[in-house]
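Biologist: Could you walk me through how some parts of this structure get their labels?

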Amino acid sequence: MNDSPAALARCFALACALLGGAAQAAPEALRFLTWADYLDEALAVEFERETGVRIEFSYFESDDARDEILAESDGRGFDLVLVNGLLLEDYAMRGWLAPVEPARIPNLRHLEARWRSAFPASERYAVPYFWGTLGIGFRRDLAGTEFRSWGDFFRPAERLRGRITLLKSNRDVLGMALKSLGYSANATDRERAREAGRLLGAQRPFVRSYEYVSLGPDSALVTGEVWAALMYSGDALMVREHNEHIAYVVPDEGGNLWVDYLATLQSSPRKDLAAQFIDFLNRPTIAARNAEYVYYATPNLAAREHLPSGYFEDPVIFPPPDVLARSEVYRPLPPRTQRTFNMIYGELVN
């Protein structure tokens, strides 16, 4: 073995080269903060195989949880975030979001203009991903009612005691309680919010939990532990795969009409990769495959020719015009009203 300084230097240089090559060989990661079960994992694998870029997922369990994650880091730590339209303007004002660069996302041309501009700041800072409704998922064979009205849910029959779940979102819970009382989900009068709070307080003995139901075969809605749940349209269809008795309805008063968006974080050093992934997801064939996986309505018009007719005929995915007319897009609440919502919801769950 040659121990000369020159030989040692050559060995050191070779080691550095090998380590450098190994580092270069490691796939770059795109960090994505999103809901669980909201992307066909096969598509993530396909993107990695095509580009060498790994998608590193982090999941939140509620809108409030996502807000806390981003607030704690001042919008840092991720490249891409899934955010609902209501919060886009707030996120943009905080400086968390990078503007969309259409030249980097050619497949934007396939997206329906209605959803691109549905919220303040949405067209400038985000790309629509899916849209749908908020309503009631229920066990038709157990619940004993079809939940035609929100009153059937918030003023439940005695047999539903301990059989209802809501979710971790004061806006959704209070908003639908307001609609049950005949008010807008965007009502700003704090006395109306307190009235909704009293309604929710009376419902409390019937509520099993304020946690969102899981979507797999062990879901409480599948096993029959829960008979009715406040939930999103596509999730009801996903969990119905495991039990044919699960149904979904938007009550007569209407529900929430929501749009989810993909947005790039301003702090991301990988904005080009984020744009590349968004463009990949909006290829018509890819968008169609993803839509079939999550059971939500795609805003991608060109994807529709790649989807089966049953997708468009399902009223849960594409609600009829009268349901859409009765449903509301959330609008920002005044700070005092939002504090009232926070207080009411906190008293419910604590």
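Predicted model: local features only at pLDDT ≥ 70, side-chain atom pairs only at ≥ 80, totals over all residues.

Modeller: Residues are numbered from 1 along each chain as its sequence is written, and side-chain values use heavy atoms, leaving out hydrogens and water.

Biologist: Why are H8 and H16 called roughly perpendicular to each other?

Modeller: Helix H8 (residues 170–180) packs against helix H16 (residues 335–349) at about 95°, with the axes 10 Å apart. Angles of 65 to 115 degrees count as roughly perpendicular (under 35 is roughly parallel, over 145 roughly antiparallel, the rest oblique), so H8 and H16 are roughly perpendicular.

Biologist: And what makes H2 oblique to H12?

Modeller: The axes of H2 (residues 41–51) and H12 (residues 271–281) cross at roughly 125° and come within 11 Å. That makes H2 oblique to H12.

Biologist: Which residues of H2 and H12 make the contact?

Modeller: Contact means heavy atoms within 4.5 Å. Leu-43, Glu-46, Phe-47, Glu-50 and Thr-51 of H2 take part, with Gln-276, Phe-277 and Phe-280 of H12.

Biologist: How do you know that S1 and S2 pair?

Modeller: Two strands pair if DSSP finds at least two bridges between them. Seven bridges join S1 (residues 28–34) to S2 (residues 53–59), and the strands run parallel, so S1 and S2 pair. As one example, Thr-34 has Tyr-59 in S2 as its bridge partner.

How values were computed:
Axes fitted to C-alpha atoms, helices over the stretch in contact; angles between N-to-C directions. Helix = DSSP H or I, 4+ residues; strand = E, 2+ residues; numbered from the N terminus.
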